[in-house]
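User: Hi! I'd like to understand how the labels on this protein are assigned. Could you take me through a few of them?

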Amino acid sequence: MPTTQVYPDPIAASNSLAVEVAALIRSRGPNDRPIVFGLATGTTPLPFYAELERLYRDENLSFKNVITFNLDEYLGLGPQDPQSYWHFMHESLFDHIDVPSAHINIPNGMTAPDDLERYCRSYEQAIQEVGGIDLQILGIGSNGHIGFNEPGAARDAHTLVVDLAEKTRTDNAAFFDADEEVPTRAITMGCGTILSAKRIALMAWGERKAAIVREALHGPVTNDLPASFLQEHPDTTFYLDTAAASLLP
Ligand code: PGA
């Protein structure tokens with residue numbers, strides 16, 4: 001069963017998670033196996049990424065021995081597209097820290113249609129080859145998705161191409177000029193990929209997430225709510241602000 005940590009606000013929660021991340025990075029010497037993080041996009045992790053940037057700038061935290069794998073990317077959007085997660089991650093984090101660009105992995109949204117199956121397998125393989133994900137960072141969709149694993153997702157799926165739920169497309173429409181510009185498909189790590197991470201930290205803020213956080217933690221484990229699979233993960237912590245935790249028993 002996941003543990004929960006509740007903080008007065010998103011900044012306090014993000015700072016606490018950043019302390020854990022910094023300790024993990026510093027626990028490895030420069031010649032040790034790199035530490036591997038799974039990273040998420042969305043508005044939720046922004047204060048967390050801002051704190052990592054501050055730790056790099058003000059407290060000599062180096063990311064040179066870090067490898068990252070992002071959860072997902074819209075299909076059809078390339079790095080130069082301002083709405084792509086490639087762009088989001090560089091703007092919000094990677095451009096401001098010293099992680100080597102060769103250590104950054106984000107699913108390629110411009111993969112040719114006839115190469116997608118092979119590409120998804122290679123993304124999964126790349127995670128295995130570096131020894132798996134040490135810490136996976138997650139947000140939670142208002143429909144309970146993790147990554148882009150929408151309701152109905154299989155528990156054991158590995159990196160795959162998915163159709164986005166209408167709810168997700170509406171939630172994310174604010175980032176696009178027009179609703180119909182929101183892509184309909186994405187590449188995402190599967191629930192199985194996510195659950196293979198040694199440790200998982202899920203962040204959620206605000207009243208808008210309170211009901212889905214309660215269901216994910218205390219409802220039945222079901223593929224109707226992919227985040228509920230985390231109940232079966234041996235080392236997961238939910239980092240919540242008081243509003244997101246307000247409906248917990
Ligand atoms: P949000 O999205 O951080 O923008 O709320 C979370 C998610 O969809 O995982």
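Analyst: Happy to! Buried means under 20% relative accessible area, exposed over 50%, and partly exposed in between, with a 1.4 Å probe and protein chains only. This is a predicted model, in which local features need pLDDT of at least 70 and side-chain atom pairs count only at pLDDT 80 or more, while totals for chains, interfaces and linings use all residues. Residues are numbered from 1 along each chain as its sequence is written, and side-chain values use heavy atoms, leaving out hydrogens and water.

User: Why is Asp179 called exposed?

Analyst: Its relative accessible area is 52%, and exposed means over 50%, so Asp179 is exposed. Asp179 lies in the loop between helix H5 (166-172) and strand E8 (185-188); helices (H or I, at least four residues) and strands (E, at least two) are DSSP runs, numbered from the N terminus.

User: What makes Leu77 buried rather than exposed?

Analyst: Leu77 has a relative accessible area of 10%. Buried means under 20%, so Leu77 is buried. You'll find Leu77 in the loop between strand E4 (72-74) and H3.
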